[in-house]
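Here is a short note to read beside the model. Please keep the sequence and the 3D view open as you go through the points.

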Amino acid sequence: MAPSSSAEEPQPNEGGKSEAFDLSADLAIDASMFTDDADQEAAKKDDGAKAQQAELFETEPPPWELTVEDDIAVGRIVFSEAPYGPYDYQIPEAEREHLKPGMRVRVPLGKRRHPMMGWCIETRIGYKGKRGSLREIVEVLDDEPLCDPALVRLVLWISHYYQAPTGQVFDTLIPSSVRSNAGTRERAYLTPNPDRSDEKSIELLPKKQQAAFRFLIAAGRPMTASELMVHAKCTRGPVSGLQSKGYIDVSMQREMTATTPMRWQKNDGESQQTHVPSEEQTAALERISAAIESGTGKTLLLHGVTGSGKTEVYIKAIEQIVRAGRGAIVMVPEISLTPQTRGRFERRFETVAVLHSQMTPSERHFQWQRIRRGEVQVVVGPRSAVFAPMPRLGLIVMDEEHDASFKQNEQPRYHARKVAHARAMSLGIPLILGSATPSMETWHATSTGHAELIPMNERINQRPMPSVELVDLRIRDDRTRGAISRPLHLAVQETLNEKGQVILLLNRRGFATTIQCPSCGHVVACPDCDMPLTHHRDGGKACCHYCDYTIATPPWCPACRFDGIRYGGLGTQRLEVEVKARFPDACIARMDSDTMKRPGSHQRVLSAFRSGEVNILLGTQMIAKGLDFPNVLLVGVINADSALHFPDFRAAERTFQLVTQVAGRTGRGDRGGRVIVQTFSPEHPAIQAASRHDYHQFATDEMVNRRKFNYPPLGSVARIIIRGVVEDVTEAVADSLLGRLEAARQALGSEVRILGPAPPPIPKLRGKYRFHLLLQSTDSAQLGETIRRATDSFTIPEKDDVQYVVDIDPIDML
Ligand SMILES: Nc1ncnc2c1ncn2[C@@H]1O[C@H](COP(=O)(O)OP(=O)(O)OP(=O)(O)O)[C@@H](O)[C@H]1O
Ligand SMILES: [Zn+2]
């Protein structure tokens with residue numbers, strides 16, 4: 001991004017919010033917004049390009065044009081709390097050369113008694129406002145920027161596109177453990193003062209001090225006082241003496257106290273060998289290689305069926321990057337950070353940083369510093385890995401790119417795919433998106449020329465895709481009492497007899513999903529969310545799955561005191577009980593977020609499954625992703641429709657993805673595999689397509705549906721959620737926001753459809769009433785601009801206690 005045009009027209013200080021980021025009228029990511037600094041420098045040296053550069057990038061007029069007032073150095077600062085800025089401040093003389101974008105500062109703000117921490121986003125020379133009207137930066141907090149110029153530009157882009165305060169984006173980009181220097185301490189290092197290191201000066205010292213001082217000189221490196229005491233065999237006295245006489249210089253250095261975290265255990269049962277690439281893998285690699293060598297930003301979709309060996313392709317592509325002395329980022333859904341995925345990368349590269357949510361702050365900080373120093377070849381992590389400060393980044397990979405966990409559901413509500421794209425384009429490097437079930441967004445991009453499609457249609461060793469059998473739950477014969485139909489029961493029995501393993505998917509945790517009184521009909525619900533509580537058998541708890549509100553499950557109806565309360569609906573706990581009763585000789589493990597709370601629990605369950613100790617693995621969508629176990633001969637889907645009837649235009653897409661992905665966990669060895677899908681809607685196109693592993697059919701049908709309403713990827717959607725404690729006050733705020741949106745739309749002449757305000761599917765959450773507005777347009781730039789204009793000076797009186805959030809490209813519609 002070029003420094004904005006308004007940088008040349010300095011804004012009034014504080015109080016006058018400067019409209020700094022007129023990025024690009026078109027929000028579609030534009031590579032030119034991210035021209036690398038080095039490129040800028042090169043371009044500036046090029047005489048021919050000079051004139052144009054001056055227009056595009058220049059912030060500093062040549063020195064001979066400076067008037068006295070123009071010689072003021074100005075830093076533009078943003079904050080992560082309101083008022084967010086940006087505001088201009090004068091840079092103190094001593095910091096002029098030092099302060100750079102990406103550093104933190106302390107500055108006075110309003111009438112606050114203490115200076116506020118803020119982030120510098122720009123520095124420039126020259127201020128045309130009133131003389132002396134700029135306040136001064138009090139302190140610069142960092143020795144070096146916490147992000148390089150390219151990352152600063154990425155922050156500005158995210159802030160603009162997702163309409164999130166720039167300071168908050170910085171806080172997301174730079175982990176709090178880095179900001180607080182977690183796991184470090186300051187240590188004093190001693191070096192000999194060169195002016196006193198001559199023989200004459202040394203001889204003036206008492207014996208013990210002489211000995212210690214000679215030792216320090218001979219050591220030829222800085223030492224701490226205690227190190228010197230140990231090595232020179234002296235007490236503190238002589239060292240302090242040398243210090244007070246000025247023979248020793250002291251400098252403070254911040255150091256990590258943490259050491260390298262343990263690498264994942266290597267004997268995880270996986271083979272160590274690298275594979276000879278298959279024909280399709282070779283073809284894919286050739287195209288990726290070409291993209292790497294082209295030195296231009298490019299998105300590649302690796303559309304490979306489950307078990308086609310996508311991971312091997314990523315690894316070979318990264319090997320090429322590493323040979324060229326560069327690094328790569330690999331993003332995976334958090335759940336794929338199992339030992340299996342980790343192991344595959346850790347075995348093949350010397351230095352891998354694995355980031356995950358269970359790291360301690362000091363581990364996180366330690367890894368961040370390693371990455372930033374360029375000591376790491378590959379970073380593997382969840383969505384936040386897209387921000388890894390890798391210095392010579394050469395490739396970004398996003399595995400299972402369709403996964404919803406790549407979208408952050410709190411401010412800033414970024415999608416890591418979009419951010420990865422922006423980062424890759426700005427650096428001129430390839431972005432590989434991999435999936436067996438690509439998102440409609442990415443699929444559409446391959447037909448508009450925004451992404452290159454690389455298909456891998458065959459499984460490794462030409463293994464066939466598993467056959468999928470649909471069981472119609474509406475037909476009585478197939479329905480036995482309980483969750484498992486007769487065909488599924490028989491199939492499990494057969495598989496166990498053949499010493500094969502079984503995976504059973506049920507995408508709801510808990511025991512019973514409703515607790516209802518058969519006498520009066522009362523449903524036990526969360527007081528804060530109005531949603532039915534789920535009964536959890538362990539501990540006899542009733543929990544809200546939206547806010548974690550938990551009570552002891554009531555033994556009788558809280559409304560009418562009838563004591564025959566009924567547990568309805570099926571969760572993984574109840575399924576576990578049923579499976580145990582049906583197959584008493586089998587060893588069963590359950591995997592859902594209730595059983596996977598403790599660190600290492602994944603690893604334990606999965607290694608028990610790999611070793612064959614566990615025969616049946618049942619669980620939520622956690623077990624649908626990425627697992628690669630050859631002895632899984634049967635996959636059962638208990639209820640394929642659970643997500644199908646959600647009020648969400650992506651319901652069919654989610655269902656197709658989930659069923660296809662879990663079906664893909666079988667047939668990965670020589671013994672084949674089969675899949676049984678239980679459903680109430682066997683004729684539904686998404687379920688039909690999944691049963692035939694037919695992504696193309698699904699995508700074609702689905703695109704027709706999306707086109708009818710211009711839903712993404714054909715149009716853009718934004719959602720504004722308004723929440724407050726008092727229902728009608730909240731609704732009134734939502735209405736006035738609607739008024740502003742309509743006015744903005746008219747003023748801009750933009751073609752934006754506005755729906756609502758209406759209560760969303762979850763009308764109350766954590767004690768707050770909710771309303772939402774949905775905005776739709778075929779032009780994402782107009783959509784963004786309309787919201788920006790409507791919310792620009794929109795403030796809600798504090799007494800109303802109502803907040804709103806803007807969610808651009810929302811994934812969660814509840
Ligand atoms: N060229 C090869 N020759 C033999 N085996 C291979 C080859 N490439 C990959 N494999 C093996 O095939 C299996 C499937 O590969 P992988 O897990 O990468 O598939 P995938 O495409 O990522 O599947 P999914 O989308 O289901 O996660 C793995 O056990 C892997 O080690
Ligand atoms: Zn709740």
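1. Start with helix α18. Val605, Leu606, Phe609 and Arg610 are buried in α18. Buried means that 20 or more other C-beta atoms lie within 10 Å of the residue's own; exposed means 12 or fewer, and partly exposed is in between, with C-beta atoms placed from the backbone. Seen down the axis of α18, the buried residues fall within an arc of 135°, so they line one face of the helix. That arc is the one of the directions from the helix axis to the C-beta atoms. An α-helix has 3.6 residues a turn, so residues three or four places apart point the same way. On the other side of α18, Ser601 and Ser611 are exposed.

2. This is a predicted model: local features need pLDDT of at least 70, side-chain atom pairs count only at pLDDT 80 or more, and totals for chains, interfaces and linings use all residues. Residues are numbered from 1 along each chain as its sequence is written, while chains are lettered from A and ligands numbered from 1 in the order in which they are written.

3. What covers α18? The cover of its buried residues includes α12, β16 (501–505), β22 (588–591) and β23 (616–619). Helices (H or I, at least four residues) and strands (E, at least two) are DSSP runs, numbered from the N terminus. After α18 comes Gly612, with a positive phi near 90°.

4. Now turn to α12 (residues 339–348). Its buried residues are Pro339, Gln340, Thr341, Arg342, Phe345 and Glu346. The cover of these residues includes β9 (327–331), β10 (352–354), β11 (378–381) and α18 (601–611).

5. At what angle do α7 and α9 pack? Helix α7 (residues 207–219) and helix α9 (residues 236–244) meet at about 80°, with their axes 9 Å apart. That makes α7 roughly perpendicular to α9; the term covers 65 to 115 degrees, with under 35 roughly parallel, over 145 roughly antiparallel and the rest oblique. Lys208, Gln209, Ala212 and Phe213 of α7 make the contact with Pro238, Val239, Gly241 and Leu242 of α9. Two residues are in contact if their C-beta atoms, placed from the backbone, lie within 7 Å.

6. Look at Gly246 next. Gly246 sits in the loop between α9 and β7 (248–256). Gly246 counts as exposed because it has 10 C-beta neighbours inside 10 Å. Leaving aside neighbours within four places in sequence, Gly246 is in contact with Asn193 and Arg196.

7. The UniProt record (unreviewed entry) places a "binding site" feature at Cys526, Cys529, Cys544 and Cys547. Such annotations may be inferred rather than shown by experiment. Cys526 lies in the loop between β17 (514–516) and β18 (534–536). Is Cys526 buried or exposed? Cys526 counts as buried, because it has 24 C-beta neighbours inside 10 Å. Not counting residues up to four places away in sequence, Cys526 touches residues including Cys544 and Cys547.

8. Check two peptide bonds. The bond joining Gly85 and Pro86 is cis, with omega about 5°. Pro86 lies in the loop between β1 (73–78) and β2 (87–90). The bond from Gln411 to Pro412 is cis too, with omega near -15°.

9. Last, the whole chain. Its secondary structure comes to 23 helices and 30 strands. Buried residues make up 43% of the 814 residues.

Definitions and conventions
Axes fitted to C-alpha atoms, helices over the stretch in contact; angles between N-to-C directions.
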